[in-house]
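Please look over the structure below before reading on.

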Amino acid sequence: MQLDSDDERILAGEQGETRQRMLELLVALGKVFGAEQLVPIRSAQVSGASYKTIGEYGLQWLNTLDAKAVVPAVLNPIGMPRGRWQEIGIDPDFAQKQRAVVAAYERLGIGLECTCTPYYLRETSYGDHIAWSESSAVSYANSVIGARTNREGGPGALAAALIGKTPCYGFHLGKNRRPQVVLDVQIATRDWTVADYGALGYHAGKLAGNRIPFFTGLQPDRDQLKALGAAMAATGAVALYHVEGVTPEAQRQRFEVNGLEKIPVELKEIANIFKEFPVEAVALGCPHCSPEELGTLARLLGGKTVTKPLYVFASQGVIDANSAAVAGIEKSGARVYADTCMVVSPVMEQYSAIMVNSGKALAYVPDMCGAVARIGTTEECVKVATE
Ligand code: F3S
């Protein structure tokens, strides 16, 4: 693997043990995946931030590190809203451990915007090389923005943040970004909602597996693309997809897809995912809500009062920039929380049935929260939470 003189000095330990260990990790990863060089990155997004997922050993490892991020970097959602953890019944011992994890990342110069939607906070552009780790963020960056990232593990993303580079393999190379299977959606999708796209992603992830799908027959907006990609990354290993005439690489590259396997997707396969049964709580914002999604929720909740717990998750930056919508949502009794989400926080573990509008949450809530999950449109979720 080609390394420059700066890299050689880091490997020789001239910039401290942590940077040496982090670069050794990147070089080892690069060798495993056949990278010929490292590529400079514009930003990093680091998973392994919730104490629920990294536990004591993860915290101890973070505390052994001593260096500063050299590119803009943010954290993935953590296990609680930092300023409002008592409000949702987080155990004080958990809160103390979670604060220690956050303090460790802060010491390493990682920004404390704890979100899976960093693209709402800092501009990421077509062709940018980045090192992001949360699967829905990776999918959005690759597919909707046209940036280039592999799905980094937490240590790999942290190492990239501290070094400012990542091994150049996989989705950093144009030749690995071509479609591998066509998913032909034979459904009139003009009136489809975010939840419909989430359900499509839930189904399509299983069809695509670890291949790069090329969708035909869709006209999604950006929130719907976000929902589609998040769900495919949950039920499959899809970190990049293309939508004919919509996503940037599909528009610019005009991929030749004749000759690829073509799988039809029919309405009954998506309709079967929408099942109705009683729930105890509703959770929205997986991935974290966009400004438009907060606005829609404020409108739907206007003049209503919740009769079941309704949790909404978004990044602090999006909450701060949309305070009127957030106030409107909270006036109904619903709560909008930053920093965390329904999956990485222990808060949802108190419920046995949860309604969501997200295909990703539908896939993860059963295992991560020990609850059955029901998917419905945002309108249906609001109706169930206020009836
Ligand atoms: Fe984000 Fe949590 Fe969903 S990290 S994509 S809100 S599971």
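Pro-287 lies in the loop between β11 (281-284) and α11. Helices (H or I, at least four residues) and strands (E, at least two) are DSSP runs, numbered from the N terminus. The peptide bond from Cys-286 to Pro-287 is cis, with omega near -5°.

The model is predicted: local features need pLDDT of at least 70, side-chain atom pairs count only at pLDDT 80 or more, and totals for chains, interfaces and linings use all residues. Residue numbers start from 1 along each chain as its sequence is written, and side-chain values use heavy atoms, without hydrogens and water.

## Ligand shell

Cys-286 and Pro-287 are also among the residues around the ligand. Others there include Glu-134, Ser-136, Cys-341 and Lys-360. The shell divides into 6 nonpolar, 2 polar and 2 charged residues. Here Ala, Val, Leu, Ile, Met, Phe, Trp, Tyr, Cys and Pro count as nonpolar, Asp, Glu, Lys and Arg as charged, and the others, Gly among them, as polar.

## α11 against α13

Leu-294, Gly-295, Leu-297, Ala-298 and Leu-301 of α11 meet Ala-325, Val-326 and Ile-329 of α13. Contact means heavy atoms within 4.5 Å. These contact residues divide into 7 nonpolar, 1 polar and no charged.

## A positive phi

Arg-254 is not a glycine, yet has a positive phi of about 45°. Arg-254 lies in the loop between α9 (248-253) and β10 (262-265).

Conventions: A residue is near a molecule or strand if one of its heavy atoms lies within 4 Å of it.
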